[in-house]
Amino acid sequence: MVVRKLPKTIKQLLEQGSYSAPPLTSITGHVRSIRRQKRCTFALIEDGSTSKGLQAVFKHGVQGEGTGTAMVEKLGQLTFGAGVNVTGRLVESTGPGQDVELVVEGVDGVKVVGRCDPDTYPLQPHHSGASSSSSSGTHSAEYLREHLHLRLRTPGIQHTMRLRAKVKEALEGYLTGEQEFVYVHTPVITGIDAEGGGESFRVGKGEEGEEFFGRPAHLTVSSQLHLEAFQAALGRVYTLAPSFRAERSMTGRHLAEFWMLECEWGGVSQDLDLHGLCTFVEDMLRYTIARVLHSGSDNELHRAAFSQKPWPRITYSEAIHILQQAQPLFTYPPTLGNSLQSEHEKYLAEVHFKSPVFVLDYPRRVKPFYMRVNPRTDMETVACFDLLVPRVGELVGGSVREERYEVLRSSMVDAGLIPSPPPHSPKKPQNPYEWYLDLRRHGSVPHGGFGMGFERLILWLGVGIANIRESVGMPRWKGWMGM
């Protein structure tokens, strides 16, 4: 089958050079900058496909001579942010900074298809290099968040959007190409609060208070429980899907709407297989970093991807001991039996190990009900891990799933998710989680998996991204939706 391709992007034109260019080349994009001289005008045109842009050279001569007047008047409509269609000859550039340029001769070679009034356009030329973090000479991150629909045009956010696409492609290459996972679509509207944390958004109530679905419904916090049903049918499965959490934290690593990569597969049964889960996650992330990292990089990410040493693995108890040795550095003192705080996670990854680090075997009471209880610790810990990375803290959380029906049911009762039936009751109590228990009743296969916040991964991989709100095109958080 012959694929009918769209016209080449600026990225493709820059890669091909001038040698194989047709007699005339057309591009459509926005004006990033413009420089006017007596006999010619230079404009940098971008179409979002690359950070470089393509320089267009408009040769018009002196105004008042020949066609110069008409050309100069036409070029007067070229302003920062204007949408243009430009046609000319792609030639080898004689100036520094670019290999090729587009030479436009004649008034018909330029069309302003979308005017942009510089007096009302919220973005200004001297701020056009605005990155994802606030810095001198750029619009502040806070200002750009007030103009989300236009923020997407700034180079920093454009770079982040392209990075998201590359990371997604790399992850899918590893999961489907290297490991033969099946991508599935899990529901966004659910009847359960996946982890029982009570931070889900309620949906489905009509004007008179009736339940649209016949019972309470929520926007999903995690696809994991539904993904386990797919796993029982398909073996190795994953999804990259939106998740929603009524998160009240206003930190630089929390959003109310975010994307999660979640994977489940079989053959993971004993607590010793927890190390197999860690190895899989490390391999996946090394694979991904190697495919999105700029060649020649020599930084923390390069070392994480290409170091011959495996990433450190420690138990939760060992982590608490390390942190207690570092007191009084922390606002929240590290205490055995309590969850790790963000400051603890960052210290372990950034300061102590200076690399990603797996923390294993957390206390049962600080982790969700579905994690497999460790018999070797008197049922006090679960076979789980958190992967902590510099600048972010927790990136991935995973576990061996509890496949033993009675143990799982007991954990769900303890979490208050299901009622404890009266002794000798012949009736099975109905609850939204009954189907999840049913997976253990009928041919349960030992399995495990993990979830990774996609925006947190972008926050780690991105250069200059200081806040998770700049890792996604249209962020939502408590008190703010924007558009």
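I begin with tryptophan 460, which, neighbours within four places in sequence set aside, is in contact (heavy atoms within 4.5 Å) with Ile289, Glu300, Leu301, Ala304, Trp311, Pro356, Val389, Pro390, Arg391, Val392 and Leu395. This is a predicted model, in which local features need pLDDT of at least 70 and side-chain atom pairs count only at pLDDT 80 or more, while totals for chains, interfaces and linings use all residues. Residues are numbered from 1 along each chain as its sequence is written, and side-chain values use heavy atoms, with hydrogens and water left out.

The protein chain has a mean pLDDT (the predictor's confidence in each residue, from 0 to 100) of 89, and 92% of its residues reach 70 or more.

Of its 51 residues, Leu261, Leu285, Phe385, Phe450 and Trp460 touch the most other members. Helix α7, residues 274–292, gives the most to this core, with ten residues. (Helices are DSSP runs of H or I, at least four residues, and strands runs of E, at least two, numbered from the N terminus.) A second, separate core of 32 residues includes Ile322, Phe330, Val359 and Val382.

I turn now to the sheet. Eight strands form an open, mixed sheet in the order β7-β11-β12-β17-β16-β15-β14-β13; two strands pair if DSSP finds at least two bridges between them. Strands β15 (384–389) and β16 (393–400) pair in the antiparallel sense over six bridges.

Technical notes
Core = buried A, V, L, I, M, F, W, Y, C linked by side-chain atoms within 4.5 Å. Buried < 20%, exposed > 50% of the residue type's maximum accessible area, 1.4 Å probe, protein only.
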